[in-house]
Amino acid sequence: DRLTGAPPGSDCVADVAEAQLAIYRRNVGANYRNALGATYPVVARLTGTAFFHAAVDAFVAADPSVTGDLNVYGERFAGFLERYAPAAALPYLPDVARLEWAIDEANRAADSARVPDAMLAALSNVAPARLPSVLLALDASCRLVASPYPVLRIWRANQPDRAGDERIALDDGGVALLVRRDADGIVLQPLRDGEHAWLTALAQRATFGVAIDSALAAEAAFDLGATLSAHIGAGTIAAVVNR
C-alpha cells in the first residue's frame, strides 16, 4: 500500500462496496421482475420464467422507470417486445402484452358513476343540429385493443385455472376488444369492426359525427342506434362533453 500510495485496507473497502452494489443491483432487478411479472403474467407464462426475466432486464436497461413507482411502470413493454429479437418467433406476444397492460390500466382507473338514464337525458337535450359536433366521453376504465391474432383466446387459455395446453391456431383470426371495469370486475368484450372504430374515435376525442363516419368506413352495416344504446346501458359512454 505504501508503494502505491493507496491507504491501508483500501482494497478490502472496495471489495465490500462492490459486494454491496451487487446486492443492490440484484434487489433492484428483482423488484422490476416482480412488478412486470404482476402486470404481465400471461406473457411470463407463455415465454417461461428465464426468458421473461431476460426480457425484463433488457427492457429496464433500455427504458428505466423515471418515477420510481413500479406499479405504473411497463407501458412500453409491448413495443419493446416487437423489437426484442429473441421474441421474434412469438409474433402475437406484443399484442398479448398490450391486452395485459389494458387490463392493468382498467384496474387502476378512477371510479366513476354509471348513470345510464342521466346520460340518455343529457344526450336527448342536445339540439339535433348540434349532435354531429358533440363529444362523448368513455368511462375512465375503458381501453381498446385490436390484434390480427386471437389474443383473447390465448389470454384465456393461460389463466391460472387453465392447463395452458390448448392449441390455438394463429390464423384463426384477430379480435378487437373493449376492456373495461364494472361492479363485477374486468370485462373483456369482443367488438365488431364498426363498433371498435366508433369507440376508438370517441376515445381519441373525435366528434360524434366523425366517429360515426369512422364506424361506417370500417363496417357498412354499423348500427348506430343499437350500439349507442348498448354502450350507454353498460356505462361505456359516460358523459356528453360540453365544448
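Ser65 is buried in this predicted model, because its relative accessibility of 19% falls under the 20% limit for that class. The residue is found in the loop between α3 (49-62) and α4 (77-83). When neighbours within four places in sequence are left aside, Ser65 is in contact with Tyr32, Leu70 and Tyr73.

- Asp95 and Arg98 form a salt bridge, in which the closest N and O atoms are 2.8 Å apart.
- Both residues belong to helix α5 (residues 93-108), where a spacing of three residues separates them by about one helical turn.
- Asp95 counts as buried, at 10% relative accessibility, whereas Arg98 is partly exposed, with a relative accessible area of 28%.

**Salt bridge between Arg181 and Asp111**

- A salt bridge also joins the side chains of Arg181 and Asp111, with an N to O distance of 2.5 Å.
- This pair links distant parts of the chain, since Arg181 lies in strand β3 (residues 175-182) and Asp111 in the loop between α5 and α6 (116-124), 70 residues apart.
- Which of the two classes, buried or exposed, applies to Arg181? Arg181 is buried, its relative accessible area being 14%.

- Glu166 lies in the loop between α7 (151-157) and β3, while Arg153 is in helix α7, so the interaction ties together parts that are 13 residues apart in sequence.
- Both partners are partly exposed: Glu166 has a relative accessibility of 35%, and Arg153 has a relative accessible area of 36%.
- Through salt bridges that share partners, Arg153, Arg162, Glu166 and Asp172 are joined into one network.
- A search of the whole structure finds twelve salt bridges.

**Backbone geometry at Arg205**

- Arg205 has a phi near 65 degrees, a positive value in a residue other than glycine.
- Most residues other than glycine have a negative phi.
- The place of Arg205 is in the loop between α8 (193-203) and α9 (208-218).
- Arg205 is exposed, because its relative accessible area of 57% is over the 50% limit for that class.

**The chain as a whole**

- The chain has ten helices and five strands.
- Of its 243 residues, 40% are buried.
- Considering contacts between residues at least 6 apart in sequence, 70% join residues that are at least 24 apart.
- The accessible surface of the chain comes to about 13,400 Å², and carbon and sulfur atoms account for 54% of this area.

Methods. Residues are numbered from 1 along each chain as its sequence is written. This is a predicted model: local features need pLDDT of at least 70, side-chain atom pairs count only at pLDDT 80 or more; totals for chains, interfaces and linings use all residues. Side-chain values use heavy atoms; hydrogens and water are left out. Helices (H or I, at least four residues) and strands (E, at least two) are DSSP runs, numbered from the N terminus. Buried means under 20% relative accessible area, exposed over 50%, partly exposed in between (1.4 Å probe, protein chains only). A salt bridge is a side-chain nitrogen of Lys or Arg within 4 Å of a carboxyl oxygen of Asp or Glu. Contact means heavy atoms within 4.5 Å. Accessible areas come from the Shrake-Rupley method with a 1.4 Å probe; for residues, only the protein chains shown count as cover.
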